Amino acid sequence: VQGTDLGSVADAVDRILARERRHLPRGTTITVRGQVESMASSFRGLAYGIVFAIVLVYLLMVVNFQSWTDPLIILGALPGALSGILWMLFVTGTTLSVPAQMGAIMSIGVATANSILLVTFANDQRKIGRDAHDAALAAGITRLRPVVMTALAMIIGMLPMSLGLGEGGEQNAPLGRAVIGGLIVATFTTLFFVPVVYSVLRTKAPSSPLDDDTDDAAHATLAS
């Protein structure tokens with residue numbers, strides 16, 4: 001198995017076993033043991049963890065935003081993050097592994113945080129009287145620097161790891177590459193796609209926990 005990854009070897013073994021199982025005596029079974037069993041278990045656990053994290057974050061944001069729509073808009077950046085991860089792994093010839101899935105979780109977290117920053121600012125603009133289109137445009141322009149700085153800091157920090165330099169560095173390289181690829185695409189998705197989705201779906205002004213006097217003061221400030 002020199003020069004290849006465990007997943008490719010496992011697939012080749014499975015093809016051989018699938019061919020040979022047809023010729024086994026009745027009552028005979030073949031079970032694959034070893035590192036491939038641990039790999040499959042880790043993959044399943046991390047995959048369930050990613051799905052559970054997305055659902056848990058969505059429900060938590062529903063409670064905080066008091067809305068089902070805003071969290072859905074925020075999670076609109078996640079397809080961009082996932083596609084960026086797969087794109088980077090494909091370009092660099094990196095196989096899907098446990099470190100790569102850990103990097104996927106990290107990039108999803110940063111992408112979600114950036115989208116929250118943008119949607120929260122857009123909601124604040126809606127509360128002072130702007131429509132959804134103008135609020136989304138203002139959020140994309142005003143939050144451009146914080147979103148880019150956050151993503152750029154993470155990308156630069158992961159760059160040395162992604163190069164896989166030094167002894168044993170190739171073990172953690174997939175993590176850095178997954179984070180970099182996910183954040184590159186997720187940043188563009190957050191700044192361009194999320195505002196578009198916000199302007200389309202946010203037809204109703206967000207509810208404000210503030211009292212009516214505060215709302216009247218905000219409208220008076222906008223009018224002045």
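Predicted model: local features only at pLDDT ≥ 70, side-chain atom pairs only at ≥ 80, totals over all residues.
**Close-up 1. Helices α2 and α5 run roughly parallel to each other.** Their axes pack at an angle of about 10°, and α2 and α5 are therefore roughly parallel, a label for angles under 35 degrees. The axes, 10 Å apart, are lines fitted to C-alpha atoms, for helices over the stretch in contact, with angles running from 0 to 180 degrees between N-to-C directions. Helices here are DSSP runs (H or I, at least four residues), numbered from the N terminus. The crossing of α2 past α5 is right-handed, meaning that the near helix is turned clockwise from the far one by less than a right angle. Look for Phe43, Leu46 and Phe65 among the α2 residues that meet α5 residues including Met102, Ile105 and Ile108; contact means heavy atoms within 4.5 Å.

Residues are numbered from 1 along each chain as its sequence is written, and side-chain values use heavy atoms, leaving out hydrogens and water.

**Close-up 2. Helix α5 also packs with α8.** Here the axes come within 8 Å and cross at roughly 25°, so α5 and α8 are roughly parallel to each other. The crossing of α5 past α8 is right-handed. Their contact has 20 nonpolar, 7 polar and 1 charged residues.

**Close-up 3. Helix α7 meets α8.** The axes of α7 (residues 144-163) and α8 (residues 173-201) come within 7 Å and cross at roughly 160°. That makes α7 roughly antiparallel to α8, the label for angles over 145 degrees. The crossing of α7 past α8 is left-handed, with the near helix turned anticlockwise from the far one. Among the residues in contact are Val147, Met154 and Met158 of α7, and Arg177, Ile180 and Leu183 of α8. By class, this contact has 17 nonpolar, 4 polar and 1 charged residues.

**Close-up 4. The largest pocket has a volume of about 300 Å³.** A pocket is an open set of points on a 1 Å grid over the protein atoms alone, where a 1.4 Å probe fits, with protein on both sides within 12 Å along at least five of seven lines; lining residues have an atom within 4 Å of a point. Grid points are joined across faces, edges and corners, and the volume is the space filled by probe spheres set on the points. Of the 16 lining residues, Thr95, Leu96, Ser97, Pro99 and Pro174 are the closest to the pocket's centre. The largest share of the lining, 3 residues, comes from α8.

Conventions: Helix = DSSP H or I, 4+ residues; strand = E, 2+ residues; numbered from the N terminus. Parallel < 35°, antiparallel > 145°, perpendicular 65-115°, else oblique. Nonpolar A, V, L, I, M, F, W, Y, C, P; charged D, E, K, R; others polar.
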